[in-house]
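Please look over the following model before reading the points below, which move from the aromatic rings to the chain as a whole.

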Amino acid sequence: HHNRLKTEAKEPIDGLHLNEPKKKCQIIAIYGKGGIGKSFTLANLSCMMAEQGKRVLLIGCDPKSDTTSLLFEGKACPTIIETSTKKKLSGEEVAIGDVCFKRNGVFAMELGGPEVGRGCGGRGIIHGFELLEKLGFHDWDFDYVLLDFLGDVVCGGFAAPLQHANYCLIVTANDFDSIFAMNRIVAAINAKAKNYKVRLGGVIANRSAELDQIEKFNQQTGLKTMAHFKNVDAIRRSRLKKCTIFEMDSSDEGVVECQNEYLALAQKMIDKVEPLEAEPLKDREIFDLLGFD
């Protein structure tokens with residue numbers, strides 16, 4: 001599939017506002033333990049959805065602003081917070097073309113955050129979403145908006161964008177720490193679901209040869225695995241080359257298998273995600289279930 005991807009230059013985008021009638025946009029948030037591969041997952045998923053003819057916006061909601069770097073050959077988009085601060089100092093307003101860029105058919109932007117050791121990252125995310133609202137976020141002409149979040153932080157600031165989302169996907173590996181983080185995230189989503197439309201969409205198993213621990217947890221909680229990405233070297237190589245898995249040579253070992261799994265995941269997302277009713281376990285119950293092996 002990667003050969004058919006059209007590559008555009010990193011150019012500012014204008015004219016995102018929609019003429020009536022308004023499309024129904026699906027907003028999908030992704031959470032998971034830090035370093036589990038969320039940004040890699042969403043960069044590839046967004047490319048695959050775009051290739052299926054969908055209009056996709058990928059928003060990086062992590063202060064380290066690395067979500068979009070895979071799309072743009074190692075260089076992340078200028079952040080909304082940084083750009084708006086500069087514009088404010090010169091007395092200008094931020095325009096959509098200042099912060100939204102396109103490549104491989106995917107529109108992309110980064111919220112950004114405070115400098116390391118200064119300010120609150122969660123507050124930065126809330127501020128970023130306030131700026132998105134001013135730019136008319138809810139009126140843009142997209143089929144899907146994908147939100148990529150920092151690690152497994154579930155404080156109010158980082159959980160706030162769940163108020164905008166239709167579904168939340170959780171990325172996990174087949175190990176205790178990742179599943180422990182996933183359990184906390186399920187609890188956070190359930191808390192938001194009491195007052196907002198957000199629902200659990202499913203689990204993406206990443207960097208895992210097996211699924212036994214994940215499936216054991218799923219059976220206890222009511223979660224469901226939507227995709228399984230093994231720990232193949234093709235993924236490591238694509239990160240080193242600063243490109244998506246779809247820009248890799250399909251003759252490389254493991255590449256086609258990985259591409260096909262992303263294609264299947266994109267198709268599931270497009271066909272229809274069934275909301276899951278899941279109940280998190282108590283911390284002690286996870287220890288009893290998964291043990292210390």
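1. Both phenylalanine 246 and tyrosine 262 are buried, where buried means under 20% relative accessible area with a 1.4 Å probe and protein chains only. This is a predicted model, in which local features need pLDDT of at least 70 and side-chain atom pairs count only at pLDDT 80 or more, while totals for chains, interfaces and linings use all residues. Residues are numbered from 1 along each chain as its sequence is written, and side-chain values use heavy atoms, with hydrogens and water left out.

2. Rings of Phe, Tyr and Trp (its six-membered ring) pair if their centres lie within 6.5 Å, and planes under 30 degrees apart count as stacked, over 60 as edge-to-face and the rest as tilted. By this rule the count comes to 8 aromatic pairs. Phenylalanine 246 and tyrosine 262 form an edge-to-face pair, with 6.2 Å centre to centre and 70 degrees between the planes. Phenylalanine 246 lies in the loop between helix H8 (233-240) and helix H9 (255-271), and tyrosine 262 lies in helix H9, so the pair ties together parts that are 16 residues apart in sequence.

3. Elsewhere, ring pairs link Phe107, Trp140 and Phe142 into a cluster. Arginine 55 lies over the face of phenylalanine 142, at 5.3 Å from the ring centre (the rule asks for CZ of Arg, or NZ of Lys, within 6 Å of the ring centre and within 35 degrees of the ring normal).

4. For the whole chain, there are 10 helices and 9 strands, which are DSSP runs numbered from the N terminus (helices: H or I, at least four residues; strands: E, at least two). Buried residues make up 54% of the 293 residues.

Definitions and conventions
Buried < 20%, exposed > 50% of the residue type's maximum accessible area, 1.4 Å probe, protein only.
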